[in-house]
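Dear colleague,

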Amino acid sequence: MDDLKEELKRQLIEQLNLEEITPADIDDDTLLFSDKGLGLDSIDALELIVLLEKYHGIQVTKPEEGKEVFRSVNSMAEYILKRKG
Amino acid sequence: MKFITAYAHLKENICAVNGEMICRRDKDSGDSWFKQIYKQQEFVYPKFHKMDVLSQAGFLTSKLIKRANPQFAEKYKDDEIAMLFANQSGSAETDQKFVHAYRNGAPSPSLFVYTLPNIVMGEIAILNKWYGESLFAVLPEFDPEFYINHCHILLSAGSEAVLCSWLEIAGNQIDVFTFLIEKEGENRSEFTADNLSKIAFAGNLHKTEINANY
Amino acid sequence: MTYIGAELMISPLGKTTEENRTAMTANRSGISLIADAGFDHQNLFLSKMTDLDGPGKFTRLIIQAVEAIRNEMDDAVLLSERTIFVISSTKGDPEQINDPFNAPVSAVQQKFNLANRPLVISSACISGIVAINTAHHLIHAKLYDHAVVIGCDVLSDFVVYGFQSLFAIGDTPCKPFDAARNGISIGEGCGAVVISASENIFKNAPLQLLAGTTANDANHISGPSRTGEGLFRSVKKTMEKNGIAADELDFISAHGTATVFNDEMESIAFDRLGMSTIPLNSLKGYFGHTLGAAGIIETAASMQMIRNGILFKSLGFQEQGTSKALNIVSGNTVANPETILKTASGFGGGNASLILRSL
């Protein structure tokens, strides 16, 4: 689980071009879409759907599903494990 | 009367403001050329890294023009600064990246949103909270008359200043010339086709010179 | 005064203005289910000209448009040095991805031996309205006397896959402003209008074109403003510039793409403008979203509404689906609209508007 989270942080940075951020800057429970967290926007959310398919083979067909899933690295990791479970 | 009150050139290897070189490309750097300028000028705008090359070029040159003319943004209301941009190949550079992405994987939403040439004006509007007029045209080449005619139209219809840009980026070729037109400008060049050509061309001379030195 | 006439629509609904008007009068849609159109070979609802195939379709459509409108005006205007062609397109020729505009524009200029190089406007989905406004300004400034304004965009994998990646394509034919709307139907087509300082170059009496404006949202490059700020500002400026009050407008031809956020944004802007009781439609239910052609095709259709005394039903709309109520035309209505506001909004935060008026 921890490996998956670290992997996700690296993938987030790469997929979203978060060049001024390192994995160490992202906590497992950092809110991805809050301005107090990473401050991602609606296009980033769609790019995270691409990330899930590209790196984890998981298809999200409705962007609304992403809302809960993409809350934090924790919630993303849980979702991936559940879908792969 | 109208005046060219500030301008910036961004070429393959140099970046200059009002004719003065402020940054020269470090070929050994691991950073992209535009990122080198961003870092060297100590700009802080994390969104910069998500932008395509056209938007990055527009961001950098408009920021540099503002820095050279610090009072300019405060002089006008939020809808009095118009944008008049043009180039030769639209968003072709990013279009090709998008095609590459969907042929080799999946269509990328963050690339797709930059596959329109006018997005750079949107980015500059967001950055500055400008709500003014904007126009993006595709021309066969840089044409001073185009800017003269459309600035005349904009400045006689409510706009007080026009941020103009020619921004053509194709692969390694970079030809970006951004300039500001205002109704008043002490000791600045009058906005005529001749003066505009001269200033635009000065950037090219600069380029040749720099290239010769390599 | 600036005149606008010789309007033309080429779409899946027909190759002439008359064919398009007949289809709209019958509330027929150009949108159909196209097999294997999506990135994962999905069937998608698109407004596709199924007989438009083969290479160079972008250029061919524009040439077809020029040939049609030259019959609607004084022949000398086409070749006059005082005439400028303005071409509105978001993507140009999708087959020439390195340089999508210059070859088609040169081809059109050479084919008709035009005196001036056509001007290409590419400002996303507001391009058509911006092109008409630009033509108006060029004539008003006496730089030219006449302008032929052509909007054209053709379907391509590029555009379809792109909108799919944004989850912006609806799973039914688009339903602008409806409660059940869930995305756009992309379309292709070509529209044209002729704008002139002179009333007598037109075969059929023209209408009046009032100067329009643009305004940016300064909010997000792909998401509509939550407050409708740019659309509000553009319409307000256009109205003030022409000294027209909201109660003088008989109709609004809105943008209405049928995405959840766009239509909501428009409802907020029109509410803020005090325009929520003015009859309004979106024509996307007939033509789909034809991107750079949309503003011109929809202006042409609005001109047909004035000429024929009819308000076309907002196809696809059944039930109010925006937080602010709008007076959406739910069936063809016999009326005599004299003054119509046309708006558009698009990526890059752009918003544009113009006003058409009967003489």
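C:Asp263 sits in helix α8 of chain C, where helices (H or I, at least four residues) and strands (E, at least two) are DSSP runs, numbered from the N terminus. This is a predicted model, in which local features need pLDDT of at least 70 and side-chain atom pairs count only at pLDDT 80 or more, while totals for chains, interfaces and linings use all residues. Residues are numbered from 1 along each chain as its sequence is written, chains are lettered from A and ligands numbered from 1 in the order in which they are written, and side-chain values use heavy atoms, with hydrogens and water left out.

C:Asp263 counts as buried because its relative accessibility is 0%; buried means under 20% relative accessible area, exposed over 50%, and partly exposed in between (1.4 Å probe, protein chains only). Its side chain makes a polar contact with the side chain of C:Asn262, at 2.9 Å. A polar contact is a pair of N or O atoms within 3.5 Å; within protein, one must be able to donate a hydrogen and the other to accept it, and residues adjacent in sequence count only if both atoms are side-chain atoms. Leaving aside neighbours within four places in sequence, C:Asp263 is in contact (heavy atoms within 4.5 Å) with residues including C:Pro176, C:Phe177, C:Arg181 and C:Thr322.

Helix α8 of chain C covers residues 260-272, and its 13 residues reach 19 Å from first C-alpha to last, close to the 18 Å expected at 1.5 Å a residue, the expected span being 1.5 Å times one less than the number of residues. Among the buried residues of α8(C) are C:Asn262, C:Met265, C:Ile268 and C:Phe270, and the buried residues of this helix pack against α7 (229-241), β9 (251-253), β10 (279-281), β14 (339-346) and β15 (350-357) of chain C. After α8(C) comes C:Gly274, which has a positive phi, near 70°.

Turning to the interfaces, 48 residues of chain B are in contact with 46 residues of chain C. The area buried between chain B and chain C is about 3800 Å², and carbon and sulfur atoms give 65% of it; buried area is the accessible area (1.4 Å probe) that two parts lose on being put together, summed over both. B:Phe112, B:Tyr131 and B:Val138 supply 16% of the area that chain B buries against chain C, more than any other three residues. There are 3 salt bridges between chain B and chain C, each a side-chain nitrogen of Lys or Arg within 4 Å of a carboxyl oxygen of Asp or Glu. B:Asp95 forms a salt bridge with C:Lys91, with the closest N and O atoms 3.0 Å apart.

Between chain A and chain B, 11 residues of chain A are in contact with 10 residues of chain B. The area buried there is about 880 Å², of which carbon and sulfur atoms give 53%, and in chain A the residues that lose the most area to chain B are A:Glu19, A:Glu20 and A:Ile43, together 49% of what that side buries. The rule finds 2 salt bridges across this interface, and the side chains of A:Glu19 and B:Lys35 meet in a salt bridge at 2.3 Å, N to O.

With best regards
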